[in-house]
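Dear colleague,

I am handing over the structure below, and after it I have set out what was found, so please keep the model open while you read.

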Amino acid sequence: MEKDNSKEVIDSTSLLNQPVHLDKAIEMVGFGYFHYYILFICGSLYTAVAFSVTSVSFIIPSAQCDFQMTSSHKGLLNGAMMIGMLMGSFIWGYVADTKGRRFTLIICMMMDGFFNILSSVSQVYSIFIFCRLLSGFGVSGSTTLFSYLVEFLNIKYREKFLSWMEMFWTSGIILLPCVAWLIIPQTFRIENEYILFKSWNLFVIVCSLPSITLAFLIMKMPESPKFLLAQGKHKETINCLKFVHRWNSNSNDKFPVTSIIMPSSNDKSNNGFFEGLYESTIDLFTSKFKIIAIVTCIIHFCATTSYYMLILWFPELMNRFRWYETYSNIQNKTTMCEIVSMYVVEPEVKDVKCDDHIDYSVYMNIMIIGIACIPTSLVVPLFINKLGLRFFTVLSFFGSSISAAWLYFITSSMENIILSSIFEAFSSIGISLTYCITVELFPTQYRGKAASIGTMFGKIGALLGNILIGIFIDAHCIVPIFVSSSFLIISAFLVITLPKTGRTNIVTDGVI
């Protein structure tokens, strides 16, 4: 992508003393270094979220003996972070729409990092669960990054930049097993009467560091210009645009805009926090965007249920396939469900030694699954402007639905890797694009709330999905497979009903 700031600034000199719409002012800022940097910051933040959310898939098998976890306990540990994200997502959207995108991201990532570090030294299962819950509460506000990113961009680059976010998530999925492989197999053991610290504890600490680091980097960034203008902060908006213009032009050339057309007033500053939270929700679901809000919430619920129902259990499934192929005397099973049901090793069974070893092939297989996502992560941004968000979102949901259904018929580790890779590649890009669609369809005053409520419904689904697979994985694993596949088909059809995004996007009061 080439910088086009010089042409835009030159063409806009006649507007020096005229108030302009914010979108026109953002075009006049130009496109350049700042936008690449904010893509890097928001993308890296998304990578940190991938670390935080999916690290539990390596914690479960490596900490199962220390916490004496059964399959139900593992399901609860998977679900704890989702419970926190469910609680937080409803609140953070309102905070983002009233206190700022930047402020919300800083607090959320700090909170995520702090409670992850605290959980790393926990010696009790219930305390570990509580810390993971609060970490989830914090990280749930990270969806604000989509609003933060899009509000610095003119319409020409929005969909392309938003779709690049999936590549950063994919990077997290690839890097996480590398970090786990380096740390978890280490055999050191620090123990005294108060604490037992092993390799998996160190792994949790390392996974928390990106969140804290990025929180400090975001402190150096400006607030979203669209948020500032929606809050009636005209001077701050101009200063923000001047900052971006200086960075893009790499000079002290004067920014040609001195006045921006203000949106209609929406002042609710006298409301208390909970009253404002309630009113912002009612405003969204009674506005002309209410149908879009309901549909996007259902899509988030169905897609996220399907994704987390399977993705966080892939390391566990790979361990069970490894056990079946290595130790089992019965090698004539015809479905995945028959194979995984044979592996019933509960820590409290006294004559069976608990095994918290993760086979090296598991790390490699998860890396392969992440690498398999690279093609879709590259193809979508390259063709998004031609084919649109809806096309790729529908395609991804149909693709992931077929791969989820086919999991039932696999009988080997290789088949598991292939189907898991296809599922991750399609479902992950589908969920990311759902967030992109959400922030594109709603105007500034509803954008943060709409994204957060969609996230809330998604985490309700993720929680139910983890409970469901924890209950049925040993005896009736066809149930979560059927539910996952069906929900993805429903998501695909619902996406088709949504308005198109891009240049035909909805404009409200000069702030979009």
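Over residues 503-512 pLDDT stays under 50, and the model has 30 contacts beyond four places in sequence for this stretch. Residues 1-15 also stay under 50 in pLDDT, with 32 such contacts beyond four places in sequence. This is a predicted model, and where pLDDT is low, the predicted coordinates should not be read in detail. For the chain, the average pLDDT is 81, and 86% of the residues score at least 70.

If you select Phe 146 and leave aside its neighbours within four places in sequence, you will find it in contact with Tyr 46, Leu 162, Met 165, Ser 432, Tyr 435, Cys 436 and Val 439.

On the surface, Val 379, Leu 382, Phe 383, Leu 387, Phe 391 and Leu 395 form a nonpolar patch, and together they have about 550 Å² of accessible area. Helices α18 (374-387) and α19 (389-406) each supply at least two residues of this patch, and α18 gives the most, with 4 residues. Leu 387 is found in helix α18, and Leu 387 counts as partly exposed because its relative accessibility is 45%.

With best wishes

How values were computed: Residues numbered from 1 in each chain as written. Predicted model: local features only at pLDDT ≥ 70, side-chain atom pairs only at ≥ 80, totals over all residues. Heavy atoms only, no water. Patch = residues over 30% accessible without salt bridge, like charges linked within 9 Å, V, L, I, M, F, W, Y side chains within 5 Å. Areas by Shrake-Rupley, 256 points an atom, 1.4 Å probe, with all protein chains shown as cover. Salt bridge = Lys/Arg side-chain N within 4 Å of Asp/Glu carboxyl O. Buried < 20%, exposed > 50% of the residue type's maximum accessible area, 1.4 Å probe, protein only. pLDDT = per-residue confidence, 0-100. Contact = heavy atoms within 4.5 Å.
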